[in-house]
Amino acid sequence: MNTRKLALGNRNIVGARVTQIRKQKGILQKDLLAKLQVAGIDISLPALSLLEGQKRPVFDTELKALSEILDVDVRWLLGQVKTEI
């Protein structure tokens, strides 16, 4: 498994939590990407990596799909609640 070489960015606040829950659930980036694409979210692997690295903004449609796919509350992804609701 690769580790992040660059520091996290400041373009979104959900990327670190997406990475955290994805790894906790044992989901590879390529598998998350496939699930997003099935859900109608047109995103590339580099774009997903940038999202997780907080180097690109997250669209509301992406946020909703990530919440549903990862089975976590949107508020948790946004850092508004401490536990994965």
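Helices here are DSSP runs of H or I with at least four residues, strands are runs of E with at least two, and both are numbered from the N terminus. You are looking at a predicted model, where local features need pLDDT of at least 70 and side-chain atom pairs count only at pLDDT 80 or more, while totals for chains, interfaces and linings use all residues. Residues are numbered from 1 along each chain as its sequence is written, and side-chain values use heavy atoms, leaving out hydrogens and water.

**Stop 1: helix H2**

Select residues 29-38, which make up helix H2. Which residues of H2 are buried (under 20% relative accessible area; over 50% is exposed, and in between is partly exposed, with a 1.4 Å probe and protein chains only)? They are Leu 32, Leu 33 and Leu 36. Look down the axis of H2: these buried residues fall within an arc of 105°, so they line one face of the helix. That arc is taken from the directions from the helix axis to the C-beta atoms.

Now colour Lys 30 and Val 38, exposed residues on the face of H2 turned away from its buried side. Then show what covers the buried residues of H2, including helix H1 (15-24), helix H3 (45-52) and helix H4 (60-70). Just after H2, click on Gly 40, which takes a positive phi of about 90°.

**Stop 2: H2 against H4**

Keep H2 and H4 on screen. Their axes come within 10 Å and cross at roughly 115°. Axes are lines fitted to C-alpha atoms, for helices over the stretch in contact, and angles run from 0 to 180 degrees between N-to-C directions.

Which residues meet here? From H2, pick Leu 32, Lys 35 and Leu 36; from H4, pick Ala 65, Leu 66, Ile 69 and Leu 70. Contact means heavy atoms within 4.5 Å. The residues of this contact divide into six nonpolar, no polar and one charged. For that count, Ala, Val, Leu, Ile, Met, Phe, Trp, Tyr, Cys and Pro are nonpolar, Asp, Glu, Lys and Arg are charged, and the others, Gly among them, are polar.

**Stop 3: a buried arginine**

Jump to Arg 22 in helix H1. Arg 22 is buried, at 7% relative accessible area. Leaving aside neighbours within four places in sequence, Arg 22 touches Ile 27, Leu 28, Gln 29, Leu 32, Glu 52 and Leu 70.

**Stop 4: two loop residues**

Find Gln 54 in the loop between H3 and H4. Although Gln 54 is not a glycine, its phi is positive, about 60°. Is Gln 54 buried or exposed? Buried, with a relative accessible area of 10%.

Next, go to Asp 71 in the loop between H4 and helix H5 (74-77). Asp 71 also isn't glycine, and its phi is positive, near 55°. Asp 71 counts as exposed, at 59% relative accessibility.

**Stop 5: salt bridges**

Side chains of opposite charge can pair when their charged atoms come close. A salt bridge is a side-chain nitrogen of Lys or Arg within 4 Å of a carboxyl oxygen of Asp or Glu. How many does a search of the whole structure find? Four.

Among them is Arg 56 with Glu 62, whose closest N and O atoms are 2.9 Å apart. Arg 56 is buried at 14%, and Glu 62 is buried at 5%.

Now select Glu 68 and Lys 64, bridged at 2.6 Å between the closest N and O atoms. Both lie in H4, four residues apart, about one turn of the helix. Glu 68 is exposed at 53%, while Lys 64 is partly exposed at 49%.
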